Amino acid sequence: MIKTRFILPNINNIFLVLSIIFLPFISFVDFRPPIRPSEILFGFFLAIYILSLLMGLIKYQKSLNIFIGFFILNFIFYLYGLFNVDDQFFDISYQFYGFMKLSLLCICLLFFYFSLRLFNLKQLVNFWVIGFIIFFTIHFFIYFFEERLLYKRAGLFFEGNIAGLYYFISFMIFNIYRKHFSSHKLFVVIFYLALVGIYFSHSTMAFITLSIYFFLNFKDKFILKNFIFLFIILIINFKFIINKFPFLVTDAKLYGFSFTNRLKTINESLDIFKDNIFFGSGFSSFGFVRDSYIQSEIKYNFLASVNNVFFKTLSDVGLIGFLISCIFFWFIIFYDMGKKKFRLFIYILPILFYLNAFPTLYVPFIWVSLAIFKLLVKNSDNY
């Protein structure tokens, strides 16, 4: 029993470490697994964690109650969606899809919780670095040997915008950690690799956010020296950025109408919100209810998404759910930060800005990065 008390939790931590390392592995070329490697590994971690609780090997942490409460709240919005959604024309039922998204929300929040509780800053950054190097190496070969632009951009992320956010977050982590916690040359090298990764993604929002980050840190000598490097990347990627804006090109075939489509889905989410101001249409229900708001005789009947986390949340859970979500996220992220709240907010502000062109908040690597940023600020005494 004594051996079990020590061995089982240690084995369990290995599953959590591997799940963090595998965070970038979301899909493969021509194949998008329904359950990703990091989620499978995290599932093993949770199973052993619950078993350890039942066996009395570890104590239940009361701080988990707020996460359970938030999950129950969203479960209520999911139940509301069951009565509000007509899914008879779809290949997937809302009952299954909504619960799947609810489970993913739970996984993301628990990733954040356990990353903070079980690891220190250096460990978390090291896990992130290992995953980054593996993923970037694979993406490098995909970019130069894959002919299809979608897969060139996405690497193992299925979509270039998601890859862009991962590389941008990595860029921020490496830059902050390099400046204040480590002078190791490795962090200078991967700093540049993250910039190259942003170029690979051809994500307009990644370039906009990166430019804002450079502007906010113009006093940083290292950033200033590398401004020319950023400028070169922007120039050689300019054709991909310009073709995202339909009003700047004359031939509709030249662009993928992503800019127009984003505005369209945002307007549709606002229409849904206006009809369901307080409680929304149901947790993760936008793709199912949007057909009723499309001004066309042709209905799409596929699960479209709002490429804006804030408008999607308003549409799905209404004003009440949106306000409760904001309070919850503020509390778990900024709790116990004291006077350092503002610095942490500045660090994650670019991510919040990026979410204006991002489909979902339920991506595990976002939550592990928030844990890293919180530890970066907590461990900083001299800046």
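Mentor: A helix here is a DSSP run of H or I with at least four residues, numbered from the N terminus. The model is predicted.

Trainee: In which helix is the place of Thr-265?
Mentor: Thr-265 counts as buried, at 1% relative accessibility. Its contacts beyond four places in sequence include Phe-286, Arg-290 and Ser-305. The helix that holds Thr-265 spans residues 258-275 and is α13.

Trainee: How many helices and strands are there in the chain?
Mentor: Of the 383 residues in the chain, 51% are buried. Among contacts with a separation of 6 or more, 75% are between residues 24 or more positions apart. The count for the chain is 17 helices and 0 strands.

Trainee: Is Tyr-97 buried or exposed?
Mentor: Tyr-97 sits in helix α4. Apart from neighbours within four places in sequence, it is in contact with Ile-92, Ser-284, Phe-288 and Leu-303. Buried means under 20% relative accessible area. Tyr-97 has 18%, so it is buried.

Trainee: What distance separates the C-alpha atoms of Tyr-97 and Phe-283?
Mentor: Along the chain, Tyr-97 and Phe-283 are 186 residues apart.

Trainee: How far apart are the end C-alpha atoms of α3?
Mentor: α3 has 20 residues, and at 1.5 Å a residue they should span 28 Å. The model agrees with that, because the end C-alpha atoms of α3 are apart by 29 Å.

Trainee: Against which helices do the buried residues of α3 pack?
Mentor: The buried residues of α3 are Phe-67, Phe-70, Asn-74, Phe-77, Tyr-78 and Gly-81. They cover an arc of only 105 degrees around the axis, so they lie on the same side of α3. The helices they pack against are α4 (94-118) and α15.

Trainee: How many of the residues of α17 are buried?
Mentor: The 15 residues of α17 should span 21 Å at 1.5 Å a residue, and its end C-alpha atoms are 21 Å apart, which agrees. α17 is mostly covered, and of its 15 residues the number buried is 14.

Trainee: Which helix supplies the largest share of the lining of the second largest pocket?
Mentor: Four helices each supply at least two residues of this lining: α3 (65-84), α15 (309-334), α16 (341-354) and α17 (364-378). The largest share is 13 residues, and the helix they come from is α15.

Trainee: How many nonpolar residues are in the lining of the second largest pocket?
Mentor: The second largest pocket has a volume of about 580 Å³. It is lined by 30 residues, and Val-309, Phe-310, Phe-329, Leu-355 and Leu-361 lie nearest its centre. The lining has 5 polar and 2 charged residues, and the nonpolar ones number 23.

Key. Residues are numbered from 1 along each chain as its sequence is written. This is a predicted model: local features need pLDDT of at least 70, side-chain atom pairs count only at pLDDT 80 or more; totals for chains, interfaces and linings use all residues. Side-chain values use heavy atoms; hydrogens and water are left out. On a 1 Å grid over the protein atoms alone, a cavity is a set of points where a 1.4 Å probe fits but cannot get out, and a pocket is an open set with protein on both sides within 12 Å along at least five of seven lines; lining residues have an atom within 4 Å of a point. Grid points are joined across faces, edges and corners, and a volume is the space filled by probe spheres set on the points. Ala, Val, Leu, Ile, Met, Phe, Trp, Tyr, Cys and Pro count as nonpolar, Asp, Glu, Lys and Arg as charged, and the others, Gly among them, as polar. The expected span of a helix is 1.5 Å times one less than its number of residues. Buried means under 20% relative accessible area, exposed over 50%, partly exposed in between (1.4 Å probe, protein chains only). The arc is that of the directions from the helix axis to the C-beta atoms. Contact means heavy atoms within 4.5 Å.
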